[in-house]
Amino acid sequence: MGEFYGMTQAGEGFWETAVRWVEVSTPNALLAAIPSWVDVAREYFLISIGERNLQYIVRTHRIELVDTCVQNRDRVRVLSFVTRVGKTSAEIEHEVRMVNDARLLARYSGAVVVVEGPAHDAPSRDVPPSLREHVLPARIAFPPARPLPTANGASSYSVPLRCADIDGFGHVNNARYVELLLQAVSAYMKGTRHQVTAIFASFDLPVFLTDDVVADVWRANSPADVPAVWEMGVE
């Protein structure tokens, strides 16, 4: 899982790992790897501020690739920052940078909801004071999310689930959704070489291993948009 190197001032922490070949083997592999790196970096960050056993659910992903020039065994560093805290939720931003030259590879921002325990239906609870004490100004300026375009001519794809997709809450892990999305987009593109460079995902309901899941993919209204507009639902 990499090595924890420590924390800097003002709650700004970082985690490092060596890139594996599978994470750069295809045009979309790097994008799929980022949420998994962030999951680990977020855990180390929370441990560093005294929240080793904090239970939370990820509600949103915002991911933007900035640079894809990274190779097998390169070392990357994921920096973590709390940028907003509500009553029961917090926004945590991450920057993925190369270790050797500090080059920015990707930006990530995600909302988490703090819950009482490790169950998909656990009630939310107040954010602990330790998170409030480490709030920093936002560093990432994502464009505002647009309303989901009408699903004109959507194509549907069955989404197979594996035991490895399930996390400690008993539902599909948030990072796995990105891989499922990219699989559906690749099927939609019918073998055409493509690269997804940004993702915004909002998780509305949990998905379980026994569910029959279908992803609908369609082209957005603007011809400049890549066909990565999608919805995943349970039949």
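Q: Over which residues does pLDDT stay under 50, and how many contacts beyond four places in sequence does the model have for them?
A: Where pLDDT, the predictor's confidence in each residue from 0 to 100, is low, the predicted coordinates should not be read in detail. In this predicted model, pLDDT stays under 50 over residues 1–11, for which there are 29 contacts (heavy atoms within 4.5 Å) beyond four places in sequence. The mean pLDDT of the protein is 82, with 83% of its residues at 70 or more. Residues are numbered from 1 along each chain as its sequence is written, and side-chain values use heavy atoms, without hydrogens and water. Local features need pLDDT of at least 70 and side-chain atom pairs 80 or more, whereas totals for chains, interfaces and linings use all residues.

Q: Where is Asn28 found, and is Asn28 buried or exposed?
A: Buried means under 20% relative accessible area, exposed over 50% and partly exposed in between (1.4 Å probe, protein chains only). Asn28 is found in the loop between strand 2 (13–18) and helix 1, and Asn28 is buried because its relative accessible area is 8%. Leaving aside residues up to four places away in sequence, Asn28 touches Leu182, Ser186, His194, Gln195 and Val196.

Methods. Helices (H or I, at least four residues) and strands (E, at least two) are DSSP runs, numbered from the N terminus.
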